[in-house]
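Please open the model in your viewer and keep the selection panel at hand.

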Amino acid sequence: MHFAGVDVGSTTTKAAVMDEGLVVVGKSLLATGANVVRAAKTAFEQALQEAGLEEHDVVYVVGTGYGRYKVPFGHAQVTEISCHAKGALRVFPGSRTILDIGGQDTKAIRVSPSGEIIDFSMNDKCAAGTGRFLEACAGVMGLTLEEIGPVSLTSAAPLRITNVCTVFVEQEIMSHISRGRKAQDILRGVHSAIAARSLALMRRVGIEPEVTFTGGVSRNPGMVAALEERLGSKVNVSPLSQYLGCIGAAMFALERAQGAAPPRPLVGELHIVGGH
Amino acid sequence: MAPPARYEDAGKNLQRQMMAREYDALAHAKENRTPVAYLFISGNIQELFRSFGFLVAYPEINALQCGIKKAAGPLILQAEDKGYSSDVCGYVKNDIGLVMQSNKSPMGNLPRPDLLVCNFSGCNTYIKWFEALSEFYDVPLVMLDVPYVRDGLVPKEDMEYTVSQLNDVIATCEKVTGRAFDKQGLSDILALSAKAEDKWCQVLETATRVPSPIDSFFEAVFFMAGINIFRGTQECVDYYDAVLAEIGERVERGLGPVEEERFRVVMEGPPPWPHFRAFWELFKRWGVVCTAATYPKVGGLFDTGLRHDPSRPVESLATYAMNCYTNWSLDKRAKLMEDYVRHFRADALVIHSVKSCRSFSVGQGDFRDLFVRGLNIPTLLVESDLADPRYFQEAQLRNRIDAFFEALDHRKLVAAGGAR
């Protein structure tokens, strides 16, 4: 028997297929694009393909992420906050504080030793400090998103980036470039600014070790280093970081299919979330 | 077959009728030669103006009504075109937008005021709002400087200071209307206020029942109209009799605001009027009932024992003016919410922070910390606005609300030994 989780994020869509022993047997990641339903379907199909399974082999699917209500084959929807916490605890059971930085969202989650979510906090109405912010910075410097992290790590004299607005930071970077500042110093400053902002969000929920860093931005080594520097301690990062949301969703699928935490139907009219 | 409901929606329907009558009376104020005073809700001393024969209008209520009738957006933009910043309170900009179109609102036309009374000084923006109206209409503005209630009781000096200002207001009213102050008349009005206040508290108290027959936020914001706008009238007393009859019927029939009450919460902050239904649905889906709320206490903290007292009319108006929710210190507000959680057996605190109102949003981050860390009461803080439709992001709100109740559901399951 198999279970699946599909995480439809603002930037990327991820899917994971899991067996009864909580082993991930197939996964996928692709750009969400404009057609959210298609992205969810394709991600699920690709994960099935990697697992060598057919759709009917999967008995329960949980959708998560902003597009969770756009997973037409999903049996239930769970927010990415619950899913990321669950996925992070699966990989790092000692996690007490989880920082997730995605394409447009940053969230800090504090969990109890038994895995309950005690508190969470998210960025509001502003993409500063998210993947989009880094993308804007990479763009103005003529680098790819993959390049900026490693480049930032070579800096010996980081600059201070004061702007926290995704739009206006471009102007600040341009002014540094025009003054002949080094790319690595600018980028180290950018990463450090995001780390400071993330730390403020984490403080809102209370920082307790171990800290686990998840989401697409956790794949950036410059961001991991900046965060560790600000925190003064190591953070957990997994090569599966980007998949922890869909892994958590697959775990919820397993639980619900087995009736451990029976899904309670939501009552009342449902407003469908627009295509994110 | 069950007998038909006799009182269903009496609270909402009657409220609508009373509001319509009030707007109609205001629309005819000039031809009836009735003087009109503009007041704010928080700490409004409407009984005093009633005793002088004034009709009282509330630009705040007008703005609220524009919000709920989805007329606020273009009015706010009009004020911004005039130069009002995006950071200025949405109620103010809504009203400025209305003034620029001769006060024609979806509810009718508000008449020109004869007197402006800024009766709440806890909000600097409100002072500026009435200063602007005073200039626009060229009518006298009376400023009541109401001292903030800090930690304990109201000091004697604060009381004397407020009473002396009320005596000045009385003198102004005498001048504007040409009528002498009728102390007995005021006392008679205040006796009716106290009666309605008793009944309003009985309404609120019904939410201690499990399940609760009312939502003390999403429904109380309609039920509060009586206590905020119609105090001192028999109509107001009768209104609460009707609301109580409706609630009694609900209890008898086992009806409540949601099909199955799964979570009980205390709500802090005003509602997002332009998206009121959508906001309520986000909670209803989870079987959430608000069993207590702070916003319906802006017009007076009667549930703490506060009452208008006909035997000491002016002093009692002063005491009332000071004891409105947003005129209390943050410590007192926090203690009140903690008491609400315990008394109304709530599972959590939900804070709806609005960009427009600093009187509310100041300190809400601290409340969140205090409740989560100090009191171990699960707390959710979400943000939008009370008047400006642009600040309501449904996807983000849904995500936070869903995540919060998912976690709360899980906690309940764990507590019941039902989840791994």
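Select domain 1 (10–180) and domain 2 (185–415) of chain B, whose bounds come from an automatic or database domain assignment; their centres, taken over C-alpha atoms, are separated by 23 Å. The contact, counted where C-beta atoms placed from the backbone lie within 7 Å, takes 46 residues from domain 1 of chain B and 50 residues from domain 2 of chain B. On the side of domain 1 of chain B that touches domain 2 of chain B, helix 1 of chain B gives the largest share, 8 residues, where helices are DSSP runs (H or I, at least four residues) and strands are E runs of at least two, both numbered from the N terminus.

This is a predicted model, in which local features need pLDDT of at least 70 and side-chain atom pairs count only at pLDDT 80 or more, while totals for chains, interfaces and linings use all residues. Residues are numbered from 1 along each chain as its sequence is written, and chains are lettered from A and ligands numbered from 1 in the order in which they are written.

Next, select A:Ala253, one of the residues that touch the most other members of the largest nonpolar core, which has 206 residues; such a core is a set of buried Ala, Val, Leu, Ile, Met, Phe, Trp, Tyr and Cys residues joined through C-beta atoms within 7 Å. Helix 8 (residues 244–258) of chain A gives the most to this core, with 10 residues.

Finally, select helix 7 (residues 221–231) of chain A, whose buried residues (20 or more other C-beta atoms within 10 Å of their own) include A:Met223 and A:Leu227. The buried residues of helix 7 of chain A pack against helix 4 (145–152), helix 6 (183–205) and strand 9 (211–214) of chain A. A:Gly232, which follows helix 7 of chain A, has a positive phi, near 75 degrees.

Conventions: Contact = placed C-beta atoms within 7 Å. Buried ≥ 20, exposed ≤ 12 C-beta atoms within 10 Å, placed from the backbone.
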